[in-house]
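Colleague: Before I use these terms myself, I would like to hear what each one rests on.
Modeller: Then let us take them one by one.

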Amino acid sequence: MKAENPRQIGARVQRFEDTRLLSGAARYIDDIRLPNTLHLSFVRAQVAHGRILEIDTFGLEDIGYPTWVFTGEDIGNLSMKAHQDYPEMQYSEQPLLARDVVRFVGEPVAAVLAEDPYRAEDAAELVFVDYDPLPVVGTMDQARDASIPPIFEGWKNSMFVERQMKGGDLEAARAQAAHVIRRTYRNQRQAGVPMECRGVVAHYTPGDRMLTVWSSTQMPHLVRTYIAEELDLPEARIRVIAPDVGGGFGIKGQVFGEEVLVAWLAIKTGRPVKWIEDRREHLVASLHARDHEHTLEAYVSDDGRLLGLWADISVDVGAYSTFPFTAAGDPGMAAKVMPGPYDFQAYEATFRGFATNKCPIGTYRGVARPSAVFSQERLMDDIAREIGMDPIAFRLRNVIREFPYKNVLGFTYDPGSYAESLEKIRDVLADDIAAAEASKSSATTRTGVGIACFVEQTAHGTPDFTRRRVPIETGYISARVEMQPDGTVVIGLGLQSHGQGLETTMAQVAADALGVLPETIFVRHGDTLTSPYSMGTWGSRGGPLGGGAVHMASMQIAEKLKVLAAHEMQADKDAITLYGGRAYVTDNPDRFVEIRTLARHALRNVENLPEGMIPGLEAEFSLDGPRDGTYANAVHAAVVEIDVPTGKMKLKRFVVVEDCGTILNPLVVDGQVRGGVVQGIGSALFEHFVYDAECQPLTTSFADYLMPQAPEIPDIEVHHIETPTPLTPLGAKGLGEGGAIGPAAAIANAVSNALDVEVSETPLKASAIWHLSAHLRGEA
Amino acid sequence: MTMTETTLTVNGQTRTLDVEPRRLLADVIRQEFDIAGVHIGCAHGACGCCTVHIDGTPRLSCLTFAVQCDGRDIKTVESLGGFDATHVLQLAFKSEHGLQCGYCTPGFLMTLVPYVEENVARGTLPSDEDIREAMSGNICRCTGYHGIVAAVRKAIGDQIGGGQ
């Protein structure tokens with residue numbers, strides 16, 4: 001059921017939302033201002049692990065202005081619960097305000113309200129909390145140490161979860177192997193760090209018994225459901241609105257305790273309550289990501305075929321399980337995706353998430369895949385090096401070429417372009433590969449080329465969630481499309497757009513189906529009152545599933561328009577084309593009726609409708625993903641130049657060959673890829689949340705947590721191969737996250753190639769390059 | 001709390017306010033003038049989101065107290081091209097996809113408008129390296145800077161003629 005005239009889909013349409021964002025007319029969470037608001041400032045834990053002895057609020061008594069203070073004792077049992085229903089998973093929950101024990105620096109301990117944000121901060125500073133320190137579990141090694149008590153009472157060890165995945169006969173693969181290659185790889189703790197911090201405003205209006213919550217979130221419906229369940233309120237009386245959201249990257253794709261607490265405080269105080277997170281809070285206490293350690297063992301035949309893979313995956317998940325993807329999300333995802341784009345049928349993985357006294361981790365663009373691909377693709381280079389093969393040739397020998405392909409864990413891959421992408425990148429990089437080879441004789445300047453080849457499972461359907469027993473049971477996306485009496489269109493979209501350009505791309509999709517201009521389509525999103533229930537924007541689902549839902553709903557309206565047009569023109573319905581604002585007889589375009597006229601008839605002058613036709617032009621569609629999802633693929637390549645005497649490295653070139661199926665808007669696709677790549681470059685080179693031995697965070701400002709800035713970054717070259725998937729209505733696969741998945745592996749491989757050393761961890765800061773190049777300076 | 005009488009002109013609107021000395025210029029512009037185009041990204045002078053013009057020069061409004069600006073002329077992104085965002089650099093940001101979530105965008109625009117104007121006045125199209133250096137005080141987390149560099153190149157190139 002494709003659109004008949006795909007003129008908008010695939011066009012480089014400039015974004016409609018840009019005018020608002022460029023002019024200062026956009027409204028973000030801090031721009032939501034209500035009269036009589038109380039401003040919230042948190043008292044947060046200053047020790048990583050401690051028992052709360054006393055919370056002293058005496059200083060507020062003579063502060064000279066009204067304040068309100070709430071502690072864990074005041075809020076009953078309100079908490080965040082994010083449990084996977086597996087017997088292996090140990091239970092944890094995080095009270096919205098700590099009760100008895102704090103488990104990471106930055107955990108909220110008390111909520112202080114005042115009528116001015118500066119005064120709320122002043123007041124919070126006068127609250128003193130006395131702690132009895134408890135032993136800190138600060139690293140994965142300490143979490144493995146049975147002599148250090150777990151951070152939750154009653155736990156048998158310091159693991160949220162430890163499970164296994166397997167497929168095929170690994171013993172046989174091991175027995176047949178001519179080469180056994182075992183390596184350990186690590187990725188540091190980092191995060192998405194959107195430029196806008198989080199924030200929540202809540203207001204309860206007794207007249208309509210309505211609780212309205214504004215939050216800088218990617219998933220308003222899930223926030224609504226969690227608040228309703230936790231506060232025991234009817235969901236019909238809660239409206240959650242995500243205003244303009246200043247970046248998310250998965251970090252805002254969680255339900256946070258602050259969202260529930262601010263809602264509760266608004267009801268409790270009877271006044272609007274507002275909390276705007278500051279940057280320090282964001283860096284220490286919102287959500288971290290990655291922090292993986294993988295030991296892999298590959299079994300390889302003497303002719304360079306990968307026979308099997310063994311994996312041991314550990315993730316430092318921090319102090320709590322986060323909702324809805326849980327503490328098992330990252331470890332499980334790493335185990336699931338580790339087989340990647342390669343053809344082998346024996347695999348065994350053990351994966352675990354350790355509980356430590358650090359900020360909880362959760363989803364960040366790529367979700368475990370940047371780490372998994374780092375390990376997988378470093379391993380491919382290390383194998384190639386060990387068995388004396390060219391890394392691209394070794395991948396080409398092992399990459400999946402026939403589709404559909406059922407992988408070792410039983411996931412079916414839809415058609416992709418793995419080998420073509422590798423061949424394409426080899427052509428594009430020919431000169432760089434030659435330059436790298438030539439630089440091998442230089443003692444001062446080395447050039448290296450590294451690639452990363454990967455697949456990304458996107459838009460997976462409900463069975464994938466059921467299997468994982470996560471507290472998010474599905475990932476469908478819904479859209480409601482309504483044509484107005486003047487022929488303009490409103491889309492109530494269950495997605496939330498925070499930079500992806502959905503106000504444009506979704507209008508393009510509907511425009512093709514309805515035969516109208518995308519400028520006449522208004523995409524409303526991020527508001528539970530105007531959108532059908534939906535799971536929000538995450539997991540690279542917006543294009544394939546959101547676009548698919550908009551398309552399917554629009555096609556239902558198109559069908560009705562055609563019936564109506566056929567009736568009015570005395571023609572056959574199947575002979576009607578919708579295009580250019582007209583419904584016309586396909587082989588005689590002069591016989592037409594304006595679509596806006598049809599809309600007027602359908603909604604107002606209903607006396608003109610065919611007998612039995614129900615008035616109205618609206619349709620809703622909920623689109624679930626295919627069982628195993630659809631697999632986007634890409635190859636990333638980095639070219640680096642290293643000055644051996646100083647260890648200074650320059651990223652000279654970064655090239656992407658990607659295949660996300662049907663491209664809805666190349667402007668947006670290229671932007672998503674490039675933005676993701678630069679975040680991945682940050683992961684590879686700069687970004688690192690550092691804790692000291694007492695689990696005090698040392699990276700608490702942008703002076704310590706370093707993100708890519710313009711001068712360090714080259715132009716990102718993007719090449720496309722389009723292999724539309726048969727599994728989604730428009731042939732689109734997900735692409736929002738892919739850019740961030742490959743860079744750490746590609747850059748590490750380039751460094752390895754340049755220096756002729758194995759690289760086992762990120763970030764590759766200047767000091768790391770200095771150490772890795774020591775042998776070339778005769779120091780090792 | 002002692003208040004200090006401060007006269008600010010923001011986008012042509014002049015008001016005399018009693019301001020606590022510790023209030024940041026960013027907060028006063030946002031709250032007292034009801035202007036939302038000043039965004040706070042870090043509040044410690046590292047990201048450039050809050051950049052405004054003070055007497056024509058780009059400054060960080062999160063590192064400036066409002067009382068320091070008594071008598072000064074302040075411009076925010078709203079002053080560039082109105083609600084239709086018609087400034088040449090705004091249009092170039094749009095055509096070259098120099099923004100995604102838009103949060104850092106006003107800061108980039110306010111940093112780069114004088115840079116574009118200087119280069120146009122000189123009639124020179126700077127190198128990409130130079131353009132990247134000009135925005136080294138601003139962090140964008142969405143675009144990877146690619147579209148912003150292209151937008152600056154286009155805005156200068158189109159104005160000096162024969163631009164690429």
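**Strands of chain A, domains of chain B**

Modeller: The model is predicted. In the hairpin of strand 28 and strand 29 of chain A, with four residues between the strands, A:Gly647 has a positive phi near 80°.

Colleague: What makes strand 28 and strand 29 of chain A a pair?

Modeller: Pairing needs at least two bridges. Strand 28 of chain A and strand 29 (residues 648-659) of chain A have 11 bridges in the antiparallel sense, so they count as paired. One of the bridge partners in strand 29 of chain A is A:Val655, which goes with A:Ala637.

Colleague: How do you know that strand 20 of chain A pairs with strand 28 of chain A?

Modeller: By that criterion of at least two bridges: strand 20 (residues 445-458) of chain A and strand 28 of chain A are antiparallel over 14 bridges. There, A:Thr458 stands opposite A:Thr630 of strand 28.

Colleague: Why is strand 28 of chain A called mostly covered?

Modeller: A residue is buried if its relative accessible area is under 20%. In strand 28 (residues 630-643) of chain A, 12 of the 14 residues are buried, and therefore the strand is called mostly covered.

Colleague: What makes up the interface between domain 1 and domain 2 of chain B?

Modeller: About 960 Å² is buried between domain 1 and domain 2 of chain B, and carbon and sulfur atoms give 61% of that area. Strand 3 (residues 51-54) of chain B gives the largest share of the domain 1 side, three residues. Between these domains of chain B there are zero salt bridges, but five residue pairs are in polar contact.

Methods. Residues are numbered from 1 along each chain as its sequence is written. Chains are lettered from A and ligands numbered from 1 in the order in which they are written. This is a predicted model: local features need pLDDT of at least 70, side-chain atom pairs count only at pLDDT 80 or more; totals for chains, interfaces and linings use all residues. Side-chain values use heavy atoms; hydrogens and water are left out. Buried means under 20% relative accessible area, exposed over 50%, partly exposed in between (1.4 Å probe, protein chains only). Helices (H or I, at least four residues) and strands (E, at least two) are DSSP runs, numbered from the N terminus. Buried area is the accessible area (1.4 Å probe) that two parts lose on being put together, summed over both. A salt bridge is a side-chain nitrogen of Lys or Arg within 4 Å of a carboxyl oxygen of Asp or Glu. A polar contact is a pair of N or O atoms within 3.5 Å; within protein, one must be able to donate a hydrogen and the other to accept it, and residues adjacent in sequence count only if both atoms are side-chain atoms.
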